[in-house]
Each structure stands twice: as C-alpha cells, then as structure tokens.
Amino acid sequence: MPHAHPSHNAGGPVRIRRVYEDPLPDDGARVLVDRLWPRGVSKERAHLTLWLKDIAPSTALRQWFGHDPARWDDFQRRYRAELAQNPDCVRQILDLAQKGPVTLLYGARDTEHNEAVALAFYLSTLQES
C-alpha cells in the first residue's frame, strides 16, 4: 500500500513505493532514491522519471544503518544532516512535487525503515514550512 504524505504547498503528494511493485497510473513522477540500482529490475519495468542517486544516504551511512530498526532514529537524524548539505537534489524533488504527485521508489525489503520513508518525512517538513 503506498504511503501518502499530504503536502500544503506542493501540487501533489509525495508517495513511497517499492520499485519492484508495478507502476500505478497516479504515481506521477517516479523517482528512484537508492544509490544502487535494484537487483532484477529493468529500466523499462521501473518506468522512472528520474534516478536521483545523489539524494540517497551516503554509502557509509547506508552500510552503518544496515536496515536495523534499532538504528532507525539515529539513521533519520544523520540522513537529515546529509540532506541539509544536498539542497540541489532536494530542490529537484520539491520542483517535481510542485507539478503533481511524486512517488519515491526504493528497493529495500523493509517498508517502514528505509531512505524513502525518511526522505518523504523530510520533504513534508520542508513543504509545510
């Protein structure tokens, strides 16, 4: 089930979906936010608008986190610090959101503890301010 994060200023919501799920007609702009291309997914099947690998957590942060739910809060804090240093990539997604829905795509199995969830929350705080 996609997670919708309502936004106040943007034209459309920011949604989150696994890249392995089939595209939906209301996905809008489909943005892969993983640094590594997901295993077993062709470029055609992904139906990407954009692969924004530079918005993904640094390799060091991703490896440290290892999708360990016990590290989730600290991961989010560290990732927000990285995002604050990466305004151009953040702006690209916010610009897309001004035009309509945006679906952040990720490859992780964990649907609650991944960079797309953290990124969507970060974007929602920017859109509300």
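1. A definition before we start: the expected span of a helix is 1.5 Å times one less than its number of residues. Please also keep in mind that this is a predicted model.

2. Let me apply that to helix H5. What span should H5 have, and how far apart are its end C-alpha atoms? H5 covers residues 115-128, and because a helix of 14 residues at 1.5 Å a residue should span 20 Å, the 20 Å between its end C-alpha atoms agrees with the expectation.

3. Staying with H5, the start of the helix is worth a look. Asn114 caps the N-terminal end, with a side-chain oxygen 2.9 Å from the backbone nitrogen of Ala116. Ala116 is itself among the buried residues of H5.

4. H5 is mostly covered, with 10 of its 14 residues buried. The run from Glu115 through Ala116, Val117, Ala118 and Leu119 to Ala120 is buried. Further along, Tyr122, Leu123, Ser124 and Gln127 are buried as well.

5. Now for the whole chain. It holds 5 helices and 5 strands, and from the N terminus the elements follow the order β-β-β-α-β-α-α-α-β-α. Of the 129 residues, 43% are buried. Taking contacts between residues at least 6 apart in sequence, 60% join residues at least 24 apart.

6. Is Asp27 buried or exposed? Its relative accessibility is 1%, so Asp27 counts as buried, the cut-off being under 20%.

7. What does the side chain of Asp27 meet there? One of its polar atoms lies 2.9 Å from the backbone nitrogen of Leu24, and a polar contact of 2.5 Å joins the side chains of Asp27 and Arg30. Leaving aside residues up to four places away in sequence, Asp27 touches Arg15, Arg17, Pro101, Val102 and Thr103.

8. Finally, the largest pocket. It contains about 480 Å³ of space, and 18 residues line it. Those nearest its centre are Tyr20, Asp34, Arg39, Gly107 and Ala108. By class, the lining has 8 nonpolar, 8 charged and 2 polar residues.

Notes: Residues are numbered from 1 along each chain as its sequence is written. This is a predicted model: local features need pLDDT of at least 70, side-chain atom pairs count only at pLDDT 80 or more; totals for chains, interfaces and linings use all residues. Side-chain values use heavy atoms; hydrogens and water are left out. On a 1 Å grid over the protein atoms alone, a cavity is a set of points where a 1.4 Å probe fits but cannot get out, and a pocket is an open set with protein on both sides within 12 Å along at least five of seven lines; lining residues have an atom within 4 Å of a point. Grid points are joined across faces, edges and corners, and a volume is the space filled by probe spheres set on the points. Ala, Val, Leu, Ile, Met, Phe, Trp, Tyr, Cys and Pro count as nonpolar, Asp, Glu, Lys and Arg as charged, and the others, Gly among them, as polar. Helices (H or I, at least four residues) and strands (E, at least two) are DSSP runs, numbered from the N terminus. Buried means under 20% relative accessible area, exposed over 50%, partly exposed in between (1.4 Å probe, protein chains only). A polar contact is a pair of N or O atoms within 3.5 Å; within protein, one must be able to donate a hydrogen and the other to accept it, and residues adjacent in sequence count only if both atoms are side-chain atoms. Contact means heavy atoms within 4.5 Å.
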